[in-house]
Amino acid sequence: MGQTFSGTISGKLIKEKKKTGAETILGLVKGSDPTSTAVIDNGSVLDGEEVVCTNTLAYDDFGNLRYVGAKPCNYVTFNDETAGWRIIGVFDGYIKLIRNESIGYYSWDTSASSINNGFGINQWGESGEYTGADLMKLLNPGFDTNLAEDGSGNVIAETYANNSLYWNKQSGNCYNGRSNAYTTCDFSTTGLTESAKNMIDKHAWYLGSQDGSSTDPYFGNGQSKSRNYYENERGINTGKICTSSNLCNDTIIRTTTWEGYVGLMSPSDYGYAVGGINRTDCLNTVLYDYNYEMEDNCISNDWFKSYIQWTMTPIAYSDGAMYIVRASDNINWDDGHAESSYDVRPTLFLKSNVEISGEGTPSAPFTLSLN
C-alpha cells in the first residue's frame with residue numbers, strides 16, 4: 001500500500017480475415033447438403049409483383065456449387081461492364097464467370113483447304129508444334145504476332161489474325177469461315193481491361209470428349225446427361241477417332257487438358273444450370289432431348305442464353321466437330337465443324353483471392369476486388 005508502479009501494456013491488433021469471393025458464395029448455402037442436387041432457394045428479389053431474380057443455387061453431382069434456374073441473382077460487374085457477366089458457380093475454391101452476351105460470331109478454328117477440307121482442327125491448346133485453335137488465340141495473351149494464312153496455308157505478310165485481340169482490347173482480323181477465311185473485328189470497347197486481367201486466374205481446363213468407341217456424336221453410347229458430360233470432360237477420350245479421308249487428314253495429337261486464362265462454357269455448365277422443382281428429372285434427361293421430352297420443365301428453368309453458341313468441348317467423331325448449344329436450347333454437334341461461325345461467350349476463373357460484394361441483381365450486381 002502507498003506504492004506507485006509504472007509499466008507498459010502492449011498488444012497486437014488482429015485484423016479480421018476477409019472472406020474470399022468463393023467463401024462468400026458458399027456462405028449463401030451454409031448448412032446445405034453438398035451431396036444433394038436439390039435446389040437451394042434463398043428467396044426472390046421482387047419489383048412489385050415481378051420477380052427480378054431468384055437466389056437459387058444447387059450442387060452438381062460432384063460437389064460444385066452452381067447458380068441455377070431461369071433468373072438467378074448471379075450478375076457481376078466485371079471488365080467495366082455493369083451486370084455484364086454471370087457467375088456459373090464455385091469450383092474448388094474458384095469462381096467461374098461467363099459473359100452475359102456474346103462478343104460476336106467467329107470460327108472456333110479454321111484451316112487450309114488441304115487440312116481437313118478447310119474445316120479446322122478441334123484441338124484448343126498447344127500440342128507439339130501446333131500452337132492452338134484460332135479462337136483460343138483470339139481470347140488469350142501471347143499471340144500478338146500471329147500472322148494470317150490464306151486458303152492454301154501460306155502466311156500473308158504483314159497481316160495478322162486472331163492475334164490476342166480480345167485480350168489486348170484491340171481491333172484487327174478474325175477468322176470467320178472455311179479455309180482460313182477472315183473478316184475484320186473490333187474489341188476496342190469489349191476487350192479486357194488491365195484491372196480485369198489482373199483478376200483472371202491461369203487455370204486448368206478440361207477438354208475430354210465422349211467415349212471414343214461411340215459412333216453417335218449426340219449420345220456417346222447413349223450417355224449424354226449432365227453428369228456424363230462432366231465426367232467425359234475430365235476423362236481421357238480425345239476429340240478425334242478418325243484417321244483418314246479429306247475430312248480427317250491432320251496429324252495433330254489431341255490433348256484433354258489446357259492451362260490458360262480465357263475459355264468457353266462446357267456442355268455440363270449448361271446442363272447443370274437447370275433449376276425448378278423438376279431439376280432431378282431434368283438432370284436425368286439427355287441434353288440432346290431438352291427441347292423434346294422436358295421442354296417446359298428444363299429449358300424454361302435454365303438461365304443460359306438461347307442462341308447458337310460454342311462450347312469448349314470437342315466430339316470424338318471427326319477431326320473438327322465441336323459441341324454447341326443450339327438456339328433450340330439443346331446440346332448438339334456442329335455439322336459444319338469448327339470453321340462455322342457461332343456466338344462466342346468468354347468464360348474464365350477468378351483468382352482465389354478475389355473478394356465479392358453486392359446483391360447479384362441486374363440493378364445491384366456483385367462487384368469484385370482483389371484482397
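1. Helix α5, in this predicted model, spans residues 226-233. Look at what is tucked away there: Ser226, Asn228, Tyr229, Tyr230, Asn232 and Glu233 are buried. That makes six of the eight residues in α5, so the helix is largely enclosed by the rest of the structure. If you are browsing the side chains, note that the buried set includes Glu233 as well as Tyr229 and Tyr230.

2. Now for the cysteines. The count comes to three disulfides. One of them joins cysteine 53 to cysteine 73, with the sulfur atoms 2.1 Å apart. It ties together distant parts of the chain, 20 residues apart: cysteine 53 sits in strand β2 (residues 50-59), while cysteine 73 is in the loop between β3 (65-67) and β4 (75-78). The torsion about this S-S bond is about 95°, so the link is right-handed. Cysteine 53 and cysteine 73 are both buried.

3. Another disulfide pairs cysteine 174 with cysteine 185, and here the sulfur atoms are 1.9 Å apart. This pair also links distant parts of the chain, running from cysteine 174 in strand β10 (residues 171-175) to cysteine 185 in strand β11 (residues 182-186), 11 residues apart. With 80° about the S-S bond, the link is right-handed. Cysteine 174 has a relative accessible area of 0%, so it is buried. Cysteine 185 comes out at 5% relative accessibility and therefore counts as buried too, the cut-off being under 20%.

4. Then there is cysteine 282 with cysteine 298, whose sulfur atoms lie 2.2 Å apart. This one goes from helix to helix: cysteine 282 belongs to α7 (residues 279-283) and cysteine 298 to α8 (residues 295-298), distant parts of the chain 16 residues apart. Which hand does the link have? The torsion about the S-S bond is about -105°, so this disulfide is left-handed. Both cysteine 282 and cysteine 298 are buried.

5. Last, the surface. Tyrosine 160 is part of strand β9, which covers residues 155-160. Is tyrosine 160 buried or partly exposed? Its relative accessibility is 36%, so it counts as partly exposed, a class that runs between the 20% and 50% cut-offs.

Notes. Residues numbered from 1 in each chain as written. Predicted model: local features only at pLDDT ≥ 70, side-chain atom pairs only at ≥ 80, totals over all residues. Heavy atoms only, no water. Buried < 20%, exposed > 50% of the residue type's maximum accessible area, 1.4 Å probe, protein only. Helix = DSSP H or I, 4+ residues; strand = E, 2+ residues; numbered from the N terminus. Disulfide = S-S within 2.5 Å.
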